[in-house]
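The report below is meant to be read alongside the sequence and the coordinates. Please look over both before turning to the sections.

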Amino acid sequence: MIDIHPMVIFFAAIFTNNMILSNFLGMCSFIAVSNEIRTSLSLGQAVTFVLGCTSLINYFVYHYVLVPLSLEYLRFIVFIIVIAAFVQLVEMIIERYFETLYYSLGIFLPLITVNCAILGVSLFMIIREYNLFQSFAFGIGSGLGWTLAIVAMAGIRKRLQSASIPKGLEGPGITLIITGIMALAFLGFSGIVQIQ
Amino acid sequence: MSEMRNVIRNGIYKDNPVFRQILGICSTLAVTNLMMNSFVMGVGLMFVTGFSSLTVSILRRYTPKHIRMMVQTLIISAYVIALDLFLKAYWPSMSKALGPYVGLIITNCIIMGRAEAFAQKNKPLISFIDGLLMGIGYTIVLLFIAFFRELLGFGSIFGIAVLGENWVKWTLMIMPPGAFFMLGIVIWLTHRFFHEDDTEGGTQS
């Protein structure tokens, strides 16, 4: 068990170990959805919420069910099922009780199941042997970092609409290159805190 | 036989998962700082796509329609676990280097996409080949990116130094931004040179 304060992990997950910019996770929806600031903000909120909860659930499932039964190798299947089931459950609850929220968030929830960032966080926290608070801080921090990146990207892409981009580079090409520049900027944070 | 040729053409060139469909780049980029890692990752993915397409295709008549996504996910997870255990047992250092990215093959959209788009509707053998070729197409892109990143970043290819002692290493290339720039450039080049036919009117420059 490594001894890092959860707050350190929280800030590291946002700035220095950003899910998209340094671990390349969650790229698919990052490129597909980062067109509008509002939608990317809703998606970011949904991802943060799901990440926070699934990191907790997966922590308990892994340490209190899989480890005692020595079934650690089944973690991929178990985690993906937990994530899918949780997302389904949240969708049902939101639809039933928070109708306005459902309309702004609803369509994004099914997308989240296949977001690599969610499974990635669960796998990272097992590999790095985080304890309960560290895992939770890592989950929430990763979600916020992801939101930060996607919202910033949406803002930049809005401006791009009036720019003249070389043919062939439009769409995903230019998005990736801008992401590269953003990652470069985020490298500047790497002096503050560092986790693996 | 023309069906087979079509599948081959689609997998490697026309519908190449990475640069045509922008799928599955999550796990593409993280491992491309060394060619060896990319190669192992590519072969692993080939194995998983091929066999999960085969299994999905065999089971396609017995899978109820509304739970098919769940069944596909389970099939894919089973193969990924096999791959992970294999690497852990026979190549622990590589397993450590790839870290969680082996597990993340499960959420790689290519496999799910092929299972859903192709294996669900076609016979087992052709689905297997389709999956395998999608994996090969993916590996080629992976190796291409890794080639430049390793060459410029470490001055070596497959761990063998080729650029000599005096090469100034481009540290940027082995850090995350290098991966984004490389993939951006690869997509640009492929759009520019190989797929002019679908950009209306061709290039004007």
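## Confidence of the model

This is a predicted model, and the predictor assigns the complex an ipTM of 0.82 together with a pTM of 0.82. For chain B the mean pLDDT is 79, with 83% of the residues of chain B at 70 or more. Within chain B, helix 3 (residues 35–58) has the highest confidence, at 89, whereas helix 1 (residues 2–14) has the lowest, at a mean of 68.

Where pLDDT is low, predicted coordinates should not be read in detail.

## Make-up of chain B

Chain B contains nine helices and two strands, and from the N terminus on its elements follow the order α-α-α-α-α-α-α-β-β-α-α. Of the 205 residues in chain B, 45% are buried. When contacts in chain B between residues at least 6 apart in sequence are considered, 75% of them join residues at least 24 apart.

## The contact between the chains

Chain A contributes 32 residues to the contact, and chain B contributes 33 residues. On the side of chain B that touches chain A, helix 2 (26–30), helix 4 (68–90) and helix 9 of chain B each supply at least two residues. Helix 9 of chain B gives the most to this side, with eleven residues. By class, the side of chain B that touches chain A is made up of 23 nonpolar, nine polar and one charged residues.

## Helices 7 and 9 of chain B

Helix 9 (residues 176–193) of chain B also packs against helix 7 (residues 124–154) of chain B, at an angle of about 130° and with the axes 10 Å apart; the two helices are therefore oblique to each other. The crossing of helix 7 of chain B with helix 9 of chain B is right-handed.

From helix 7 of chain B, the residues that meet helix 9 of chain B are Val141(B), Phe144(B), Ile145(B), Phe148(B), Arg149(B) and Gly153(B), and their counterparts in helix 9 of chain B are Gly178(B), Ala179(B), Met182(B), Leu183(B) and Val186(B). Eight of the residues in this contact are nonpolar, two are polar and one is charged.

## Helices 3 and 4 of chain A

In chain A, helix 3 (residues 37–66) and helix 4 (residues 75–97) pack with their axes 10 Å apart, at an angle of about 140°, and are therefore oblique to each other. Their crossing is right-handed.

The residues of helix 3 of chain A that take part are Val50(A), Cys53(A), Thr54(A), Ile57(A), Asn58(A), Val61(A), Tyr62(A) and Leu66(A), which meet Arg75(A), Val78(A), Phe79(A), Val82(A), Ile83(A), Phe86(A), Val87(A) and Val90(A) of helix 4 of chain A. This contact has 13 nonpolar, two polar and one charged residues.

Helix 1 of chain A has as its buried residues Ile9(A), Phe10(A), Ala12(A), Ala13(A), Ile14(A), Phe15(A) and Thr16(A), and the elements covering them include helix 8 (132–160) and helix 9 (172–187) of chain A.

Phe11(A) lies in helix 1 (residues 6–16) of chain A and counts as partly exposed, because 19 C-beta neighbours lie inside 10 Å and a buried residue would need 20 or more. Leaving aside residues up to four places away in sequence, Phe11(A) touches Gly141(A) and Val193(A). Between Phe11(A) and Gly141(A) the C-alpha to C-alpha separation is 6.5 Å, although the two are 130 residues apart in sequence.

## Two loop residues with positive phi

Most residues other than glycine have a negative phi. Ser70(A), however, has a positive phi near 45°; this residue sits in the loop between helix 3 and helix 4 of chain A and is exposed, with 7 other C-beta atoms within 10 Å.

Glu129(A), which is not a glycine either, has a positive phi of about 55°. Glu129(A) is placed in the loop between helix 7 (116–127) and helix 8 of chain A, and Glu129(A) counts as exposed because it has 10 C-beta neighbours inside 10 Å.

Key
Residues numbered from 1 in each chain as written. Chains lettered and ligands numbered in written order. Predicted model: local features only at pLDDT ≥ 70, side-chain atom pairs only at ≥ 80, totals over all residues. Axes fitted to C-alpha atoms, helices over the stretch in contact; angles between N-to-C directions. Helix = DSSP H or I, 4+ residues; strand = E, 2+ residues; numbered from the N terminus. Parallel < 35°, antiparallel > 145°, perpendicular 65-115°, else oblique. Left-handed = near helix turned anticlockwise from the far one by under 90°. Contact = placed C-beta atoms within 7 Å. Nonpolar A, V, L, I, M, F, W, Y, C, P; charged D, E, K, R; others polar. pLDDT = per-residue confidence, 0-100. Buried ≥ 20, exposed ≤ 12 C-beta atoms within 10 Å, placed from the backbone.
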